[in-house]
Amino acid sequence: MAMRFTFARTFPVVLGLALVLATCGLTPALAQTVTPAPPGKQQKKLPEAPAKLPKVDRNKNIDFLFGALKAAPDEASAKHVEARIWAIWIQTPSDTASLLMARAKTAVDAQKIDVAIKLLDSVIKLRPDYIEAWNRRATLYYMQNDYGRSLADIREVLIREPRHFGALAGLGMIMQEVGDEKRALEAYRKALAVNPHLDKIPDQVKSLTEKVEGRDI
């Protein structure tokens, strides 16, 4: 089963940082149930992207989904679209990469973080274009409080996908923990610009805005 790794200590970031660490007690959100509309009121519904597209249409598909994410009329619709984006991000580019990713997850489940990192090293060496390998390794470095390496991997994620709201939120969390509140605020705002429906991030932006820019008079 595919899981999503996230930068999450004080709150779950349903983002990226679609593979969540099993050891963090978070579960994947690759499917969302849309809340039924009240009687007599028709629920707004977003247009659906095709369930499967040829590889050549991968970028077109994810561009469509990012547009749908911004336009989502409600939380349930937004989570559904977000899950579709994660489903694209976690698709492994080869059978070998898939096997190594599965072994890395098994290692994490067994609390063998160093082994998991070495397996992810192999995935990245084999397929440096695979964003989720960088993202997952960034999360493991974060868990080890190795912020330097975690930030380096986040940078690689954002080079390949500047809209990766999980990596942006993770960047904000690290900046906040090291005391750079200005850069934390910038990262959180960028994450919200891509995905306005991120859990807890608006509260962080509000709090940091008051600290960094002061209260409105």
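Author: Questions and answers on this structure follow. This is a predicted model, in which local features need pLDDT of at least 70, side-chain atom pairs count only at pLDDT 80 or more, and totals for chains, interfaces and linings use all residues. Residues are numbered from 1 along each chain as its sequence is written, and side-chain values use heavy atoms, with hydrogens and water left out.

Reader: Over which residues does pLDDT stay under 50?

Author: pLDDT is the predictor's confidence in each residue, from 0 to 100. The protein averages 80, and 72% of the residues score at least 70. Where pLDDT is low, the predicted coordinates should not be read in detail. The stretch where it stays under 50 is residues 1–56.

Reader: Which helices do Phe-66 and Phe-165 lie in, and how many residues apart in sequence are the parts they tie together?

Author: Helices are DSSP runs of H or I, at least four residues, numbered from the N terminus; strands are runs of E, at least two. Phe-66 and Phe-165 form an edge-to-face aromatic pair, 6.4 Å centre to centre with 80 degrees between the planes. Rings of Phe, Tyr and Trp (its six-membered ring) pair if their centres lie within 6.5 Å; planes under 30 degrees apart count as stacked, over 60 as edge-to-face and the rest as tilted. Phe-66 lies in helix H1 (residues 58–71) and Phe-165 in helix H7, so the pair ties together parts that are 99 residues apart in sequence.

Reader: Which residues touch the most other members of the largest nonpolar core?

Author: A nonpolar core is a set of buried Ala, Val, Leu, Ile, Met, Phe, Trp, Tyr and Cys residues joined through side-chain atoms within 4.5 Å. Buried means under 20% relative accessible area, exposed over 50%, partly exposed in between (1.4 Å probe, protein chains only). Phe-66 and Phe-165 are both buried. Of the 57 residues in the core, those that touch the most other members are Phe-66, Ile-85 and Phe-165.

Reader: Within what arc do the buried residues of H6 fall?

Author: H6 has buried residues at Tyr-147, Ser-150, Asp-153, Ile-154, Val-157 and Leu-158. The arc is that of the directions from the helix axis to the C-beta atoms. Seen down the axis of H6, these buried residues line one face, because they fall within an arc of 140 degrees.

Reader: What covers that buried side of H6?

Author: Gly-148 and Arg-155 are exposed on the other side of H6. Contact means heavy atoms within 4.5 Å. The cover over the buried residues includes H5 and helix H7 (165–177).

Reader: Which helices do the buried residues of H9 pack against?

Author: In H9, Ile-201, Gln-204, Val-205, Leu-208 and Thr-209 are buried. They fall within an arc of 135 degrees, so they line one face of the helix. Asp-203, Lys-206 and Lys-211 are exposed on the other side. The buried residues pack against H7 and helix H8 (181–194).

Reader: What is the relative accessible area of Asn-145?

Author: Asn-145 lies in the loop between helix H5 (131–143) and helix H6 (147–160). Its phi is positive, about 60 degrees, although Asn-145 is not a glycine. Asn-145 is partly exposed, with a relative accessible area of 47%.

Reader: Is Gln-111 buried or exposed?

Author: Gln-111 sits in the loop between helix H3 (95–109) and helix H4 (113–126). Its phi is near 65 degrees, a positive value in a residue other than glycine. With a relative accessible area of 56%, Gln-111 is exposed.
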